[in-house]
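This report describes a single structure, taking one residue as its starting point and then moving to the elements around that residue. The sequence and coordinates are shown first.

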Amino acid sequence: MRIGRAGADGSFSPGELLQIATAGCTAVTTEELITRRAGDDARMVATVTHERAEGGREYQRLEVLLRADLDFLDEDTRRRVIRAMRTAVERQCTVSRTVERGAQVGLTIVPA
C-alpha cells in the first residue's frame, strides 16, 4: 500500500487511511452480529464521508454508513440487532473510540 499526499496517483493519503480505518473498524466490530444471523456470506458494506472546515487541517466529523442486509429479520428483531451493532461499535471499535476521545500523539525524531 502506498501512502502519499491527497490526490497522489496510486496512493492513499493519511487522512484517507484514517477514514478507511474508521469504516473498517465499524464493519469488523459489527460483522459477527450480522453473520451470526445471516451466515458467513452476509452482505455488509461500510462507507465513510468527512466534513472539514475550509482550510482546516483536521476533520470536523467522520460519518460511517453501514449497509447491512437485514431484510430477513422481522421489525422487532431488526431494531434489536441495529441497537446491538451500535452498542458494539461504541464499546469496542478502537479507531472510532480513539478519534472521538482524541488520543495524544507523541513524536520522536531520530537521525538515521
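## A buried threonine

Thr26 is buried, with a relative accessible area of 8%. The model is predicted. The cut-off for a buried residue is under 20% relative accessible area, so Thr26 at 8% falls in that class.

Thr26 is found in helix α1. Leaving aside residues up to four places away in sequence, Thr26 touches Val64, Leu66, Val89 and Cys93. Two of these contacts, Leu66 and Cys93, come up again below.

## The disulfide

How many disulfides does the model contain? The count comes to 1 disulfide. The bond joins Cys25 and Cys93, whose sulfur atoms are 2.4 Å apart. The cut-off for the sulfur pair is within 2.5 Å, so the 2.4 Å separation counts as a disulfide. Cys25 belongs to helix α1 (residues 14-38), while Cys93 sits in the loop between α2 (75-92) and α3 (94-101), so the pair ties together parts that are 68 residues apart in sequence.

Are these two cysteines buried or exposed? Both Cys25 and Cys93 are buried. In general terms, a disulfide is a covalent bond between the sulfur atoms of two cysteines.

## Helix α1 against helix α3

Two packed helices are described by the angle between their axes and the distance between the axes. For α1 and α3 the angle is about 125°, and the axes lie 7 Å apart. That value makes α1 oblique to α3. On the α1 side the contact is made by Leu18, Ala21, Thr22 and Cys25, and on the α3 side by Thr94, Val95, Ser96 and Val99. Sorted by class, this contact has 5 nonpolar, 3 polar and no charged residues.

## Helix α2 against helix α3

The axes of α2 and α3 cross at roughly 65° and come within 6 Å. Here Val89, Glu90, Arg91 and Gln92 of α2 meet Thr94, Ser96 and Arg97 of α3. By class, the contact of α2 with α3 has 1 nonpolar, 3 polar and 3 charged residues.

Val89 of α2 is in this contact, and Val89 is also among the residues that Thr26 touches.

## The strand pair

Strand β1 (residues 44-52) pairs with strand β2 (residues 59-68) in the antiparallel sense, over 9 bridges. The two strands form a hairpin with 6 residues between them. In the turn, Gly55 has a positive phi of about 75°.

Which residue of β2 is the bridge partner of Ala46? The partner is Leu66, which is also touched by Thr26.

Notes: Residues numbered from 1 in each chain as written. Predicted model: local features only at pLDDT ≥ 70, side-chain atom pairs only at ≥ 80, totals over all residues. Heavy atoms only, no water. Helix = DSSP H or I, 4+ residues; strand = E, 2+ residues; numbered from the N terminus. Buried < 20%, exposed > 50% of the residue type's maximum accessible area, 1.4 Å probe, protein only. Axes fitted to C-alpha atoms, helices over the stretch in contact; angles between N-to-C directions. Parallel < 35°, antiparallel > 145°, perpendicular 65-115°, else oblique. Contact = heavy atoms within 4.5 Å. Nonpolar A, V, L, I, M, F, W, Y, C, P; charged D, E, K, R; others polar. Pairing = 2+ DSSP bridges.
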